[in-house]
Amino acid sequence: EIKIYNTQNKELREVIEIVENEADVFVTPNTMYRKQRRVSNIRQFRALFQDLDIHKLGYNKEEVVWSIYIMAYENKIPMPTMIVDSGRGLHIYWKIKNAPYGALNTWQELQDYLYYQLKHLQADRNATDGARVLRLPNTLNSRENALCKVLVLNDDIEYSMYDLRETYLNYSVSKQLQFQETKTVKKKTKAINN
């Protein structure tokens, strides 16, 4: 039997207490309009995330967490808000200020960027969509008979997707406006020649 809880952040602690130590409980970091897990049902983006299947690497989790922090200090990725031991690998989260469904393209570009930066640490390409579910901390991973637990929590770290876009995707509003003005000029010139 599958139970679906639809809750707000303030009620999430209650749900966590209900399902604590249960096996194979998952959560989607983004909010949905409906209880169906589809990208088209996303209401707001609340986090960027990556699922690292490090069991394939042969590294221990502490070494991978250290590598993630080195990448953040080298400004290759943002500093994570939370790192979770999923029982088999690691889930990395970057909390973002609520962004509407209309920000899907920017959100996906940032997800793809993070995936490529963490690919060498066995980031899972199939776990980069907005409707993805990840294991809920304090629940059991039945495959490994291991508890999913929070390793690092920096709850005060929250990002604007648009700031991340400027920093990591080399996007700036002034460049975009210049590009649009150039396109407009070309269209006007073309119309005059016709």
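Helix H3, covering residues 104-118, has 15 residues and reaches 21 Å from its first C-alpha to its last, close to the 21 Å expected at 1.5 Å a residue (the expected span being 1.5 Å times one less than the number of residues). Helices and strands here are DSSP runs, H or I of at least four residues for helices and E of at least two for strands, numbered from the N terminus. This is a predicted model, in which local features need pLDDT of at least 70 and side-chain atom pairs count only at pLDDT 80 or more, while totals for chains, interfaces and linings use all residues. Residues are numbered from 1 along each chain as its sequence is written, and side-chain values use heavy atoms, with hydrogens and water left out.

As for the chain overall, it has five helices and nine strands, and reading along the sequence gives α-β-β-β-α-β-β-α-β-β-β-β-α-α. Of the 194 residues, 39% are buried (buried is under 20% relative accessible area, exposed over 50% and partly exposed in between, with a 1.4 Å probe and protein chains only). If one takes contacts (heavy atoms within 4.5 Å) between residues at least 6 apart in sequence, 72% join residues at least 24 apart. The average pLDDT, the predictor's confidence in each residue on a scale from 0 to 100, comes to 81 for the protein chain, and 82% of the residues score at least 70. Residues 185-194 are another matter: pLDDT is below 50 there, and beyond near neighbours in sequence the stretch has zero contacts in the model.

Back to H3. Its buried residues are Leu104, Thr106, Trp107, Leu110, Gln111, Tyr113, Leu114, Tyr115 and Leu118. An α-helix has 3.6 residues a turn, so residues three or four places apart point the same way. The cover over the buried residues of H3 includes strands S3 (42-52) and S5 (90-100) along with helices H2 (61-73) and H4 (161-168). Leaving aside residues up to four places away in sequence, Leu118 touches Gln50, Leu52, Ile68, Met71, Ile77, Trp94 and Ala123.

On the charged side of things, the structure holds seven salt bridges (a side-chain nitrogen of Lys or Arg within 4 Å of a carboxyl oxygen of Asp or Glu). One of them joins the side chains of Arg135 and Asp24 at 2.8 Å, N to O. This pair links distant parts of the chain, with Arg135 in strand S6 (residues 134-135) and Asp24 in the loop between helix H1 (9-19) and strand S1 (26-27), 111 residues apart. Arg135 counts as buried at 12% relative accessibility, whereas Asp24 is partly exposed at 32%. Another salt bridge brings together Lys95 and Asp155 at 3.3 Å, N to O. Because Lys95 lies in strand S5 and Asp155 in the loop between strand S9 (149-153) and H4, the pair ties together parts that are 60 residues apart in sequence. Lys95 is partly exposed, with a relative accessible area of 27%, and Asp155 is partly exposed at 49%. The side chains of Lys76 and Glu74 also form a salt bridge, at 3.1 Å, N to O; Lys76 is partly exposed at 39% and Glu74 is partly exposed at 47%.

Asp85, in strand S4 (residues 82-85), is buried at 8% relative accessibility. Its side chain makes a polar contact with the side chain of Lys61 at 2.7 Å. A polar contact is a pair of N or O atoms within 3.5 Å; within protein, one must be able to donate a hydrogen and the other to accept it, and residues adjacent in sequence count only if both atoms are side-chain atoms. Not counting residues up to four places away in sequence, Asp85 touches Lys61, Leu90, Leu147, Cys148, Lys149 and Leu151.

Finally, a word on backbone angles. Most residues other than glycine have a negative phi. Asn75, though not a glycine, has a positive phi of about 65°; Asn75 sits in the loop between H2 and S4 and is partly exposed at 47%. Asn138 is not a glycine either, and has a positive phi of about 70°. Asn138 lies in the loop between S6 and strand S7 (140-141), partly exposed with a relative accessible area of 32%.
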